[in-house]
Amino acid sequence: MHEAIRPQMLQLVELGKLPSSLDSEDLIGAWQTCLESIAPPLTDMEAVQMIGLLPESQDDCYGLVWTMIHLIETAPQWPMPEHLTDSSNPWIVSLRNAADLP
């Protein structure tokens, strides 16, 4: 079974990882506009892609990372421990903790 990926999700993938709060207002604005256009729930494939876009620093980019986390948690197969293996990423650690995964 192949899950559809919405155009808004593809736009996020094209933008790359969530920027930091120190990046340009244009980039942050583009991210915010695109992220806010994605209605929950995410498909499992979209959630996996969004996990890959989480920043590697603790910078939450004006709270946008929390929007991402809340969207990820709406996926039907959540939690997905096989996609939460990067223990160096504080947001992945946060997702693991919230899902009560070891």
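Which side chain of opposite charge is nearest to Asp-44, and how many Å away is it?

A: Happy to take a look. This is a predicted model, in which local features need pLDDT of at least 70 and side-chain atom pairs count only at pLDDT 80 or more, while totals for chains, interfaces and linings use all residues. Residues are numbered from 1 along each chain as its sequence is written, and side-chain values use heavy atoms, with hydrogens and water left out.

The nearest side chain of opposite charge to Asp-44 is Arg-6, 11 Å away; here Lys and Arg count as positive and Asp and Glu as negative, with His and the chain ends not counted. Asp-44 is buried yet has no salt bridge. Buried means under 20% relative accessible area, exposed over 50%, and partly exposed in between (1.4 Å probe, protein chains only). A salt bridge is a side-chain nitrogen of Lys or Arg within 4 Å of a carboxyl oxygen of Asp or Glu. What the side chain of Asp-44 does reach is the backbone nitrogen of Gln-77, at 2.9 Å.

Asp-44 sits in helix H3, which covers residues 44-51; helices (H or I, at least four residues) and strands (E, at least two) are DSSP runs, numbered from the N terminus. Arg-6 and Glu-46 form a salt bridge, with their closest N and O atoms 2.8 Å apart. Glu-46 counts as buried because its relative accessibility is 1%, whereas Arg-6, at 25%, counts as partly exposed.

Across the whole structure, a search finds two salt bridges. Glu-56 and Lys-17 also meet in one, at 3.8 Å from N to O. Glu-56 counts as exposed because its relative accessibility is 57%, and Lys-17, at 38%, counts as partly exposed.

Lys-17 also brings us to Leu-54: beyond its neighbours within four places in sequence, Leu-54 is in contact (heavy atoms within 4.5 Å) with residues including Lys-17, Val-65, Ile-72 and Trp-91.

Terms used. A polar contact is a pair of N or O atoms within 3.5 Å; within protein, one must be able to donate a hydrogen and the other to accept it, and residues adjacent in sequence count only if both atoms are side-chain atoms.
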